[in-house]
Amino acid sequence: MKREKILVVEDRLDFVSLYTDKLRAEKFQVRVASNGTECLKLIDEDRPDLIILDLVMPVMDGFTLLENIKKKTECQNMPTIVFSMREYPEDKKKAFQLGASDYLNKIHTTPNLLLQKINQILSQTTEKKETASYWIAIKESLFDAPKIAKDSNLPMSFKCSRCNTSLLLQLTSQTDSEKLEFKCRFCCPNCTQQKTNPIKEV
Ligand SMILES: [Zn+2]
């Protein structure tokens, strides 16, 4: 089975093998970048599932790198673990503010513990990934459409009261259910894209 892709950013190559060997033994696909610029290049070539990064590095420090990673739209939800020798609370705080998923101390983290953290973070991400969302159009005069409009206080035309776009039914799959079950709500595809609230939830 092919496992997730992990990108390790670390300039101390002697140190890297300590834990990359462990990760490769667990069948993760591991790539190593020795600085931030190289890391960004490797992300563009093939998006990893998780990034482990050092803070003190040549070319670009870990914070700047983290900022640059999070600027990429496709990386906003990508888990990142800061792996550093530094143990200052303000470093931790800054890392979390910049969107790091975890902050681990290199000296106190054994390869086994690192592996455990990675598995934990990736399983949470996978659960999120499995939540699929579908936009369904409604025929305003068919079946129970007039009834639901009336009962839920929606316009009979199923048009958004703000921008007059046809409302859609957004179905979101429920990962906690074994059956094919969805949560649904009426949304305006136009206003939703502008990040305002959905029109109506039922
Ligand atoms: Zn609208």
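Modeller: A crossing of two helices is called right-handed if the near helix is turned clockwise from the far one by less than a right angle, and left-handed if the turn is anticlockwise. Please keep in mind that this is a predicted model, in which α2 passes α3 in a right-handed crossing.

Biologist: What makes α2 roughly parallel to α3?

Modeller: The two helices, α2 and α3, pack at an angle of about 20°, and their axes are 10 Å apart. Angles under 35 degrees count as roughly parallel, and therefore α2 is described as roughly parallel to α3.

Biologist: Which residues meet where α2 packs on α3, and how many of the residues in that contact are charged?

Modeller: From α2 come Gly-36, Cys-39, Leu-40 and Ile-43, and these meet Thr-64, Leu-65, Asn-68 and Ile-69 of α3. Of the residues in this contact, five are nonpolar and three are polar, while no charged residue takes part.

Biologist: What is the largest nonpolar core made of, and which elements give two or more residues to it?

Modeller: The largest nonpolar core has 25 residues, and those with the most contacts inside it are Ile-6, Leu-7, Val-9, Ile-52, Leu-53 and Val-82. Two or more residues each are given by β1 (5-9), α1 (13-25), β2 (29-33), α2 (36-45), β3 (50-53), α3 (62-71), β4 (80-84) and α5 (111-129). The largest share, four residues, comes from β1. Apart from this core lies another, of eight residues, including Cys-160, Leu-168, Cys-187 and Cys-188.

Biologist: With which residues is Val-9 in contact, leaving aside its neighbours within four places in sequence?

Modeller: Val-9 is in contact with Ala-33, Gly-36, Cys-39, Ile-51, Ile-52, Leu-53, Asp-54 and Leu-65. Among these partners, Gly-36 and Cys-39 belong to the α2 side of the helix pair, and Leu-65 belongs to the α3 side.

Biologist: Why is Gln-97 called exposed?

Modeller: Gln-97 has 10 C-beta neighbours inside 10 Å, and a residue is exposed if the number is 12 or fewer, so Gln-97 counts as exposed. Gln-97 is found in helix α4, which covers residues 89-97, and its C-alpha atom is separated by 10.0 Å from that of Glu-67, 30 residues apart along the chain.

Biologist: How many helices and strands does the protein chain have, and what share of its residues is buried?

Modeller: The protein chain has seven helices and nine strands, and buried residues make up 22% of its 202 residues.

Key
Residues numbered from 1 in each chain as written. Predicted model: local features only at pLDDT ≥ 70, side-chain atom pairs only at ≥ 80, totals over all residues. Buried ≥ 20, exposed ≤ 12 C-beta atoms within 10 Å, placed from the backbone. Core = buried A, V, L, I, M, F, W, Y, C linked by C-beta atoms within 7 Å. Contact = placed C-beta atoms within 7 Å. Axes fitted to C-alpha atoms, helices over the stretch in contact; angles between N-to-C directions. Parallel < 35°, antiparallel > 145°, perpendicular 65-115°, else oblique. Nonpolar A, V, L, I, M, F, W, Y, C, P; charged D, E, K, R; others polar.
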